[in-house]
Amino acid sequence: VTCPFVSSVAHLIRHLPTSDFESVPRRSAFLTRGRRGFQMTLDGARHQPSEPLAGATRLADGYAVAALLRSEAPAAFEFFCRAPLPFQHVAGDVHVSATRPVFTLDRVSGDVVEFCYNETDRAPLDTLSFDDVAAFYEHEGALRRAIGRLERSVRLQPSEAIVVDNRRVMHGRFGFSGKRHLIGCYLTADDWRSRLRVLRRRAAGE
């Protein structure tokens, strides 16, 4: 790798604790062979696709979803910018929860700076008023259709890796038969942003 920033990120990843996963039946959505719904900040078997999609990674850019809704469904975009939606993941001794709008905007520029939506871990809508619960079901279809229009897929080969911005990109997987073996890890955004700032200062001769 020749890019200094990419090399630095790769160096950080090599020194992070990793998790080793092997697919097994009747386990969590992360480990199952079934179709895995789109997820983001938190951790569904549905149908088994035919080749070449079986086992492929599903991706959708949340910023592009926001731009599409802002243009074609502004009422839905406004709702998902302001309504705090609850999400949770419960498994054994782990109970992770988060409550935030789907789109978070920069207070100065108005640009989308965070996208948060999880198909499989949405919690009861008890954070919303009666009217906003109705508004959620009114607008949720527009959100799903936008995601579907922008979804892309990629099939990873042995030794290949994919890096996903967990505050921007939705990621899931199509179902498959047989087994797969993968290694995953998390890198905090502050780490690589700090490294990027350092490299920019060096490049400027500071």
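## Aromatic pairs

In this predicted model, in which local features need pLDDT of at least 70, side-chain atom pairs count only at pLDDT 80 or more, and totals for chains, interfaces and linings use all residues, the count of aromatic pairs comes to 6, where rings of Phe, Tyr and Trp (its six-membered ring) pair if their centres lie within 6.5 Å, and planes under 30 degrees apart count as stacked, over 60 as edge-to-face and the rest as tilted. Residues are numbered from 1 along each chain as its sequence is written, and side-chain values use heavy atoms, with hydrogens and water left out.

One of these pairs is formed by Phe 77 and Phe 103, whose ring centres are 5.4 Å apart and whose planes stand at 35°, so the pair is tilted. Because Phe 77 lies in helix H3 and Phe 103 in strand S6, the pair ties together parts that are 26 residues apart in sequence; helices (H or I, at least four residues) and strands (E, at least two) are DSSP runs, numbered from the N terminus. Phe 77 and Phe 103 are both buried, a term that means under 20% relative accessible area, with exposed meaning over 50% and partly exposed in between (1.4 Å probe, protein chains only). Phe 136 is buried at 0% relative accessibility, whereas Tyr 137 is exposed at 53%. Ring pairs link Phe 136 and Tyr 137 with Phe 79 and Phe 80 into a cluster.

A charge is also placed over a ring: the charged end of Arg 58 sits over the ring of Phe 174, 5.5 Å from its centre, by a rule that asks for NZ of Lys or CZ of Arg within 6 Å of the ring centre and within 35 degrees of the ring normal.

Leu 69, leaving aside neighbours within four places in sequence, is in contact (heavy atoms within 4.5 Å) with Pro 74, Phe 77, Phe 103, Ala 142, Leu 143 and Ala 146.

Within H3, Ala 76, Phe 77, Phe 79, Phe 80 and Cys 81 are buried, and the elements that cover the buried residues of this helix include H2, S4, strand S6 (103–105), S7 and H4.

## Glutamates and their partners

Glu 114, which lies in strand S7, is buried with a relative accessible area of 18%. The side chain of Glu 114 makes a polar contact of 3.3 Å with the side chain of Arg 100; such a contact is a pair of N or O atoms within 3.5 Å, of which, within protein, one must be able to donate a hydrogen and the other to accept it, and residues adjacent in sequence count only if both atoms are side-chain atoms. Not counting residues up to four places away in sequence, Glu 114 touches Tyr 63, Arg 100, Val 102, Phe 103, Thr 104 and Arg 167. Arg 100 itself is found in strand S5 and is partly exposed, with a relative accessible area of 23%.

In helix H4, Glu 140 is likewise buried, at 12% relative accessibility. Beyond neighbours within four places in sequence, Glu 140 is in contact with Phe 80, Tyr 117 and Arg 122.

Strand S4 and strand S5 (residues 94–100) run antiparallel and are joined by 7 bridges, where two strands pair if DSSP finds at least two bridges between them. Pro 86 stands opposite Thr 99 in S5. S4 and S5 form a hairpin with 2 residues between them, and Gly 92 in the turn has a positive phi of about 60°.

## The S8–S9 loop

Ser 159 is placed in the loop between strand S8 (152–154) and strand S9 (169–173), and has a positive phi of about 80° although it is not a glycine. Ser 159 is exposed, with a relative accessible area of 80%. Pro 158, in the loop between S8 and S9, is exposed at 73% relative accessibility, and is 24 residues from Leu 182 in sequence and 9.1 Å from Leu 182 in space, C-alpha to C-alpha.
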